[in-house]
Amino acid sequence: MRNRLAIIAGGLVAAVVLSAPAFAQKQGGTLRVSHRDNPPSASIHEEATISVNMPFMSVFNNLVFFDPKEKINSPDKIVPELAESWSWNDNKTKLTFKLRSGVKWHDGKPFSSKDVKCTWDALSGADDKQEIIRKNPRKVWYKNLKEVTTNGDNEVTFTLEREQPSFLSMLAAGYSPVYPCHVEARVMRSKPIGTGPFKVADFKRNEAIKLVRNPDYWRKGRPYLDAIEFKIVPNRSTRVLGFVAGEFDLTFDSDITFPLLKDVKGQKADAICEARPTNVHSNLLVNRDAPPFDNPKLREALVYSLDRSPFSDILAQGNDLRGATMLPPPAGVWGMTQDELQKLPGFGPDIEKNREVARGLMKELGYGPDKPLKIKVATRNIAIYRDPAVILIDQLKQIYIDAELEPIDTTIWYNKIQQKNYQVGLNLTGAGLDDPDGVFYENFYSTSDRNYTAYKNPEIDKMIDEQSAETDVSKRKVLVSKIEQALLKDAARPPITHGVANTCWAPAVKNLVLQHNSIYNGWRLEDVWLDK
Amino acid sequence: MGAYLTRRVLLMVLTLFGMSVLIFVMLRLVPGNIADILVDSAGIADPKEKAKIARELGLDRPIFDQYLQWIGGLVRGDLGFAYVSERPAIEEIAPRIPISAKLAGLALFFSVILGVPLGVISAVRQNSAIDYLLRIISLSGLSLPSFWLGLLILMASVQWFGMIPIYTNEPRSFIDEMLLLSIPAAAVGFRSSALIMRLTRSSMLEVLRQDYIRTARSKGASQTTVNYVHALRNALLPVVTIIGIEAAFLVGGLIVTETVFNIPGVARFLVEAILWRDYPIVQNLVMLIAFCVVVVNFLVDMAYMALDPRIKYAD
């Protein structure tokens, strides 16, 4: 534990040092980055993967943005971007932005308040005819958005149904760029138009994504780089060897696992590698709508069966973090401390005692060493899912559950879950935003499109709404903890561990600040420069 | 001969038609379609969104209509639109074909240029030290998976030369490209060369025991003439067959090699398209591969005639 905290703390110290003002920025050069796979599209609003955010975030701007110089995304670290300023009305239900004037889209057309309105009309579902997106995975983020109105070209107001302190944070996330009204969804998926520091020069599937400097960028003197090239290299060994050989200046986000880190540092001693939580956590999916897990006692037994340390020790050399659904501190703003976590079901330090509880529940249901429960543990057929699933299967044996691994073709994973065609699944959930509204609404609210387990609990919905409206941060944290407890008690995606991984870059890459509570934010790259 | 050729061409057309039906049906039997996958990639589970995408891509139409549309387009030279990139399929496929073709050609060239002479040497020097050495090399070629060999080459390049021979930038000239492709071609061609070498050796050994070889020797023909003029030509018939088969199998080897060496060829692209159930890409590419295999088979049959004048294809 001390090691993990030391890594995070070290990262934060490094961040402070690295984020200090640099006085000799050089203009020019191409940043060469390795990319792990083909992004499903280039449209950030339509996707939910870092494979899209990392290469395409620098094509866009938000209204407001988490300060890119800060490691931790938090509501008090939001800075203006396409908005010059913002203000709330007295009852905090109207948020008005004064927009920057003179900003142009990459195709030369002027940016205006109409673009902001049409983006959020499409995202909130207020206007189904908007053709700027086809899929809308984060529609639930804007369930409290009543309407967006414009006042001239340079002012826009978001009217909310009720107070929602997290609303501004959601607008500041990497998943909230402003889209142009005049560009159709098909183009946004293949060669998007933004207002950001870089323009898309080429997006060749299976090959590369090339971005070039936007000479008309509204922030004068930025970006420093002439171009960014993401090379799509699906084989991780090739990617890592490419970085070591100097073919790439920057690895794909969190691509260097702890076992690989030793190799990288051994072969490229000057590589700068930073470990940080990914805010992606492994968890169990339990099919509560079909036998045998429609029985709450059986679900509870699962919660008490987990020993989280082996997951971290085996898969991340002990660096993964213990936490509930929200990312734990110090990187996580809303997660529970280790002391608080210990009070949660199945999180107690005495694993044998926890498992005794689980075995007791199993015996009550008629299972035992001679009559184990036979189940299948489904998971995506890729290593990062399969490996923890194997550990889980081993642990389930301790509570008389004889599980078999069921690897699922990754392309139909959510489909299978949505059709309830599983018993227990091992899943990874990433948080686009370290915020209870983002996480709880998206994954547990009964009307969310991304609540793929179709978890429906009116009590939890009510609690989520309640915390969402709470303006006092400390009171809200208490409500968040209560939700965590209730979710765990109900075995709604019981969390296992929060991932920590490394991103590495060559010493010539300057001013790169990684965000420690969401890998999906902070990829604008306009302040990054190359000392070559 | 004319009638034979007509029959062969008709058979080729029939084979390709059968392949088209098979590809089309099999693709649709695989669980999940592009609409499922596009929705899945966003981590959402909304059947309405899925239906909307299926409708947009024409996947809700009767399967027979979809088949006719594809075949009709193919005949007219219209390969349709790729589902994922939403660009014309031809624009996605065409630039990748030359890259894979060069890699496959180079790999086949390596296999033949190494496999045939070494097989002859091994046979002529049967049970000598060089024969044993070449047999060990050929066995290792058959045993080493090409992805492992590829990774080993990459690691050695980084370790010893501080560089990595992967395809990160488009080569500036044809020579540059050939140099870059030669290493992956060697990795993928090693297995084929081993197979060709073993087959050449056994075929040569069989021919060298024939009466006419003894006759040639007794008439005073030099060892080189006997080996390379009289024996090799006859020993090559089964070798040519295996080269034809290997040319088709190379596609499988290319998938792995293109991935390890990061070559933006058609084989890696095909796998990606299968994963995404990008029907227009998969259907057209598999048809292209089927067409190549059918043509290579035809050429192999024609090569028999050139190698053995006794072979005549009757009308």
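Visitor: In what order do the four strands of the open sheet in chain A stand?

Guide: Some ground rules come before the answer. This is a predicted model, where local features need pLDDT of at least 70, side-chain atom pairs count only at pLDDT 80 or more, and totals for chains, interfaces and linings use all residues. Residues are numbered from 1 along each chain as its sequence is written, chains are lettered from A and ligands numbered from 1 in the order in which they are written, and side-chain values use heavy atoms, with hydrogens and water left out.

Guide: Now the general idea. Strands of a sheet pair through backbone hydrogen bonds, either parallel or antiparallel. Strands here are DSSP runs of E, at least two residues; helices are runs of H or I, at least four residues; both are numbered from the N terminus. Two strands pair if DSSP finds at least two bridges between them. In this case the order is β4-β5-β7-β6 (chain A), and the pairing is antiparallel. The edge strands are β4 (83–88) and β6 (145–150) of chain A, each pairing on one side only. From one strand to the next, the twist averages 20 degrees.

Visitor: How many bridges join β5 to β7 of chain A?

Guide: Five bridges link β5 (residues 94–99) and β7 (residues 155–160) of chain A, and the two run antiparallel. A:K98 stands opposite A:E155 in β7(A). A:L95 has A:F158 as its bridge partner.

Visitor: And what joins β6(A) to β7(A)?

Guide: Five bridges, with the strands antiparallel. A:E147 has A:T159 as its bridge partner in β7(A). The two strands form a hairpin with four residues between them. In the turn, A:G152 has a positive phi of about 75 degrees.

Visitor: Is β7(A) enclosed or open?

Guide: Buried means under 20% relative accessible area, exposed means over 50%, and partly exposed is in between (1.4 Å probe, protein chains only). Six of the six residues of β7(A) are buried, so the strand is largely enclosed by the rest of the structure. Both faces are covered. A:E155, A:T157 and A:T159 are buried on one side, and A:V156, A:F158 and A:L160 on the other.

Visitor: Which helix lies across β5, β6 and β7 of chain A?

Guide: That is α3 (residues 113–124) of chain A, running at about 160 degrees to β6(A). Axes are lines fitted to C-alpha atoms, for helices over the stretch in contact, and angles run from 0 to 180 degrees between N-to-C directions. Contact means heavy atoms within 4.5 Å.

Visitor: What should helix α11 of chain A span?

Guide: The expected span is 1.5 Å times one less than the number of residues. The 14 residues of α11(A) (residues 351–364) should therefore span 20 Å, and the end C-alpha atoms are 20 Å apart, which agrees.

Visitor: Which residues of α11(A) are buried, and which are exposed on the other side?

Guide: A:I351, A:N354, A:R355, A:A358, A:R359, A:L361 and A:M362 are buried. They cover an arc of only 160 degrees around the axis, which puts them on the same side of α11(A). The arc is that of the directions from the helix axis to the C-beta atoms. On the other side, A:K353 and A:E364 are exposed. The cover over the buried residues includes α8 (296–305), β12 (373–380), α12 (383–396) and β13 (401–408) of chain A.

Visitor: What happens at the start of α11(A), and what just after it?

Guide: At the start, a side-chain oxygen of A:D350 comes to within 3.3 Å of the backbone nitrogen of A:E352. Just after the helix, A:G366 has a positive phi of about 95 degrees.

Visitor: Where is A:R450?

Guide: A:R450 is in the loop between α14 (436–444) and α15 (458–469) of chain A. At 7% relative accessibility, A:R450 counts as buried. Its contacts, not counting residues up to four places away in sequence, include B:A42, B:G43 and B:I44. A polar atom of the A:R450 side chain lies 3.4 Å from the backbone oxygen of B:G43.

Visitor: How many helices and strands does chain B have?

Guide: Chain B has 13 helices and zero strands. Buried residues make up 46% of its 315 residues.

Conventions. A polar contact is a pair of N or O atoms within 3.5 Å; within protein, one must be able to donate a hydrogen and the other to accept it, and residues adjacent in sequence count only if both atoms are side-chain atoms.
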